[in-house]
Amino acid sequence: MNDLKLKENDLKKQQEWTSLLQDILYLRAGNKQPKAYVRTYGCQQNVADSEMLKGMLIEMGCALTDDNNDADIIIFNTCAVREHAEDRVFGNVGALKALKKKKPSLFIALCGCMMEQEHIADKIYKSFPYVSLVFGTHMLHRFPEMVFQAVTTGKRVVERGLDEGKIYEGIPQHRDGSFKGWLSIMYGCDNFCTYCIVPHVRGRERSRHSSTVLAEANEMVKSGFKDITLLGQNVNSYGKWLDEKTDFPDLLRSVAEIDGDFWVRFMTSHPKDASKKLIDVMAENPKICNHLHLPFQCGSNEILSRMNRRYTREKYLDIVEYAKNKIPDLSITSDVIVGFPGETYEDFKQTLSLIREVGFTSLFTFIYSPRVGTPAASFDDPVSHEEKAEWMSELLKVQEEIAAKRCAGMVGKEYRVLVEEQAREGILNARTQNNIVVELHGSADLIGTFQNAAITEARNWILRGKIV
Ligand code: SAH
Ligand code: SF4
Ligand code: F3S
């Protein structure tokens, strides 16, 4: 299953369409360089895909813009994980109607996870006639060809692929950042948690060859990246289908052994596959950040089983305890779903107790959202949304206290931080290895550099410090 790379002649064909598009898009934009606006919804996987879209657009001769009013090409890369994410897309696509009216040559395309669902692609096609191109996640590598088809025929193009389990190497890529970046090590997911749409829209799990990943990591380090996140829906099952004998801890170690001053992170870890070997590798390598994002979803074994998560609360706490003992000052973060169908207040209380027991640095919290085509969507769900929202506020209060304590415990200590951005005039946001943001006084020329910061103050979960 490993030689499924984009064949050279396929790539060449895409490059031919790309060259033809340079003139076509230039003319369409009124004899000037076309501007492209790419908006990304959802997770880092989509961010990484958008970086490829941007790479291809640049090769078509486009300049990138952050202002959709100014754009000749607008692309929304969508997320299907919850209803709220989908609603935002529908709203925002609706709002493009006025823009298209003002500028009839505007080219609008929609792609990403939402488009892999038939009922959504149909709805988009019917409701938004001014959308010229709709394509799913498996069609990304054919973007030049699809744009070419749509602009030269004037007909609307819809391409939603079957999953062929392929990996396409060699697609142009334009990274958003210059010192902090994403590196996909695998695609898709085989876990089929009963609430989750991701395996349905992203297809089967497949890993990139370790030599390809390492070559890209090397290149990133050489070009100045300081913070690299290895990406996959479940990085812990990396390598399962490869013809080389490797696993995620091996890959992580190899990345950390690349020469240079940088940090490496990874997400997401599935608790069922998080091994002691992973923790040992983290503990042994100072470049691997002491941050573990380990989604537990729910604290009740009954619900975990109905979620098809394939671990128990006890197993989760086991690996957490092992990690805390091995890695000093480890930050653990997580995802939680509140109000899974059939979850009772008793189940929910077990989520609260797990949160207290682990002491997470931060949590991504979601109220369960039914997804068409997933098993949980047909489970009985007697608890009202209002009640679930109350549970959620209770959870957030508990977590706030924990996070505040965690931050307060950092005051008076010194941490190495990576300066990421200017928060406001004279104030910088920096991040510790364990993924906590620290506000510092300093000038913008420090962005992208490592500094040592003494933590002087903790306000709830925000830290302030000074460069030493
Ligand atoms: N592969 C990652 C998560 C991908 S989706 C993992 O297994 O951890 C990111 C998060 O969205 C999930 O961890 C889950 O907490 C949440 N999520 C996914 N489907 C959801 C749904 N139907 N309703 C509410 N939250 C959901
Ligand atoms: Fe979804 Fe579960 Fe796969 Fe994560 S592991 S993407 S939650 S099915
Ligand atoms: Fe959303 Fe697709 Fe990611 S559904 S969470 S963008 S994999």
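Please keep in mind that the model is predicted.

Let me begin with empty space. Rolling a probe the size of a water molecule over the atoms shows where such space is left. Across the whole structure, a search finds three cavities of 30 Å³ or more. I shall speak about the second largest cavity, which holds about 90 Å³ of space.

Which residues line this second largest cavity? They are L11, Q14, Q15, T18, M56, E59, H141, P144, G170, I171 and P172. Helix 1, residues 8–28, and helix 2, residues 44–59, each supply at least two residues of that lining. Helix 1 gives the largest share, with four residues. Sorted by class, the lining contains five nonpolar, five polar and one charged residues.

Around ligand 2 we find C189, N191, F192, C193, Y195, C196, V198, P199, Q233, H270 and R309. How does this shell divide by class? Seven of its residues are nonpolar, three are polar and one is charged.

Strand 17 covers residues 437–441 and strand 19 covers residues 462–467; the two run parallel and are joined by three bridges. As one point to locate in the structure, L440 stands opposite G465 of strand 19.

Thank you for your attention.

Conventions:
Residues are numbered from 1 along each chain as its sequence is written. Chains are lettered from A and ligands numbered from 1 in the order in which they are written. This is a predicted model: local features need pLDDT of at least 70, side-chain atom pairs count only at pLDDT 80 or more; totals for chains, interfaces and linings use all residues. Side-chain values use heavy atoms; hydrogens and water are left out. On a 1 Å grid over the protein atoms alone, a cavity is a set of points where a 1.4 Å probe fits but cannot get out, and a pocket is an open set with protein on both sides within 12 Å along at least five of seven lines; lining residues have an atom within 4 Å of a point. Grid points are joined across faces, edges and corners, and a volume is the space filled by probe spheres set on the points. Ala, Val, Leu, Ile, Met, Phe, Trp, Tyr, Cys and Pro count as nonpolar, Asp, Glu, Lys and Arg as charged, and the others, Gly among them, as polar. A residue is near a molecule or strand if one of its heavy atoms lies within 4 Å of it. Two strands pair if DSSP finds at least two bridges between them.
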